[in-house]
Amino acid sequence: DSKSDSIAFNFSCLANRSGRMKAHMAFNPRDYKNMAINYSVDNMRISDFNPYSKFYVAHAFVEGKLFYASTNRIQDGQLKSTNILNIKQIEVTKRLRGIKALYNMPLRLAIAVLRDRKGNINLDIPVEGDLNDPTYKLRKVIWKILGNLVIKAANAPYDLLAKAFGANEEDLKLIRFDYLQKTFDSRQLKSRDLIEQSLAAKPDLKVKMVQVVSKETEKELLALTEAKRKYYLEKVIQVRKDSLSAGELKAAASIANKDSLFNAWLDSKLLPEVTSTLLVQLKSRKLLDEAWLSQQVEELFAIRNRVVTDYLVNVKHIDPARIIVNNTSDEKSAQFESTPRFTVEFEVDE
């Protein structure tokens, strides 16, 4: 009756032969700016969306049931909407061959990031808006939010993973360390723990860590450190021995690069070559065998790779098949990096 203050009705239907849709609607027939609309879709096969997923991203859903519930309140044209999306046991194929998709999106990576260790995706999408604006469309807003979330999970998973553990995105993207550093401290431990938590929470993810360090810079710093050690032995303590104590090493390292006595000693070691105009790092490098420096730097790279891998595999018990650790092949770019680091990338079998 159009004279009623409120009209309400319920309906239900079968959606695509698998899902069950139920809805309740109540509204004022004389004022459509005030109403309530609640609806749900339960147990719908996610594979029913395959015509769309194949066309847009060249993937197909193999398993999964969709459950969606939307609660909407409109008062004076102002919308408040809650949307709960659950997809149970979702599985997707690798990229389908022979299909030219509209978008080149790593959907498997997005799903691996979004779903939990039980294989389920659970999303809560709150929406607010002004329905007095004729351009505002609720359905478009919800799909845009959902689409952006999937794109973000695929192209920039760090933020979603870091937020899940109350951490900073940068701590997950990079493991920073110092030149000549062999053992990692609490700074790097935080990043390694975040990687472990991400792999434990997302069983389909793999991690690839690439060590980005300028070998030339590391050789120069290693040469300088070794030259100071030799100078400390010969001129400061004047003792012949194969190694220095921790305190002696610290004292040797504290020798200033511009120390006149240290530089004079270096110059004397390099006679008759004139090296007074060279930087102290280059003088030190000339003092040492280049092959020895290269070998020491390669060993440093190997040690750091091993430390990172051993922690995840032997301490945190992550399957080694899910971990790839190697060195950058772009030495030129590494020379422009301000600090050494491992870059961290998450991926899935595609």
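Select Leu172 first. Set aside the neighbours within four places in sequence, and Leu172 is in contact with Tyr158, Leu161, Ala162, Leu194, Ile195, Ser198, Val344 and Phe346. This is a predicted model. Leu172 sits in helix 5. Its relative accessible area is 0%, so Leu172 is buried, the cut-off being under 20%.

**The core around Leu172**

Which residues have the most contacts inside the largest nonpolar core? Select Leu107, Leu172, Ile195, Leu205, Val207, Met209 and Phe346. That core has 64 residues.

Now pick Ile195. Beyond the residues up to four places away in sequence, Ile195 touches Leu172, Ile175, Val207, Met209, Leu312 and Val344.

Next, go to the second core. This one is separate and has 12 residues, including Tyr232, Leu244, Ala252 and Trp265.

Return to helix 5 and step back to Ala167. Ala167 is in the loop between helix 4 (157–164) and helix 5 (169–173). Is Ala167 buried or partly exposed? At 24% relative accessibility, Ala167 is partly exposed.

Show the contacts of Ala167. Outside four places in sequence, its partners are Ala162 and Leu194. Both residues are also contacts of Leu172.

**Cys13 and strand 1**

Move to Cys13, in strand 1 (residues 7–15). Cys13 has a relative accessible area of 30%, so the residue counts as partly exposed. Apart from residues up to four places away in sequence, Cys13 touches Gly19, Arg20 and Met21.

Draw a line from Cys13 to Ala162. The C-alpha atoms are separated by 40 Å, and the residues are 149 apart along the chain.

**Backbone stops**

Now switch to the backbone. Most residues other than glycine have a negative phi, and most peptide bonds are trans.

Select Asn16. It is not a glycine, yet its phi is positive, at about 55°. Where does Asn16 lie? Look in the loop between strand 1 and strand 2 (19–28). Asn16 is partly exposed, at 44% relative accessibility.

Go on to Ala58. Here too a residue other than glycine has a positive phi, near 60°. Ala58 lies in the loop between helix 1 (50–57) and strand 4 (61–75). Its relative accessible area is 2%, so Ala58 is buried.

Then select Leu271 and Pro272. A cis peptide bond joins them, with omega about 10°. Pro272 is in the loop between helix 9 (260–270) and helix 10 (280–287).

**Zoom out**

Clear the selection and view the whole chain. How many helices and strands does the protein chain have? There are 12 helices and 11 strands. The radius of gyration is 31 Å, well over the 20 Å that the globule rule gives for 350 residues, so the protein chain is more spread out than a compact globule. Turn the view along the principal axes: the C-alpha atoms fill a box of roughly 110 × 45 × 35 Å.

Color by burial. Of the 350 residues, 39% count as buried.

Next, look at contacts across the chain. Take those with a separation of 6 or more: residues 24 or more positions apart account for 65% of them.

Finish with the charges. The protein chain has 55 positive and 45 negative charges. Their mean positions are 4 Å apart.

Notes
Residues numbered from 1 in each chain as written. Predicted model: local features only at pLDDT ≥ 70, side-chain atom pairs only at ≥ 80, totals over all residues. Heavy atoms only, no water. Helix = DSSP H or I, 4+ residues; strand = E, 2+ residues; numbered from the N terminus. Rg over C-alpha atoms; globule rule 2.2 N^0.38 Å. Buried < 20%, exposed > 50% of the residue type's maximum accessible area, 1.4 Å probe, protein only. Contact = heavy atoms within 4.5 Å. Lys, Arg positive; Asp, Glu negative; His and termini not counted. Charge placed at Lys NZ, Arg CZ, Asp CG, Glu CD. Core = buried A, V, L, I, M, F, W, Y, C linked by side-chain atoms within 4.5 Å.
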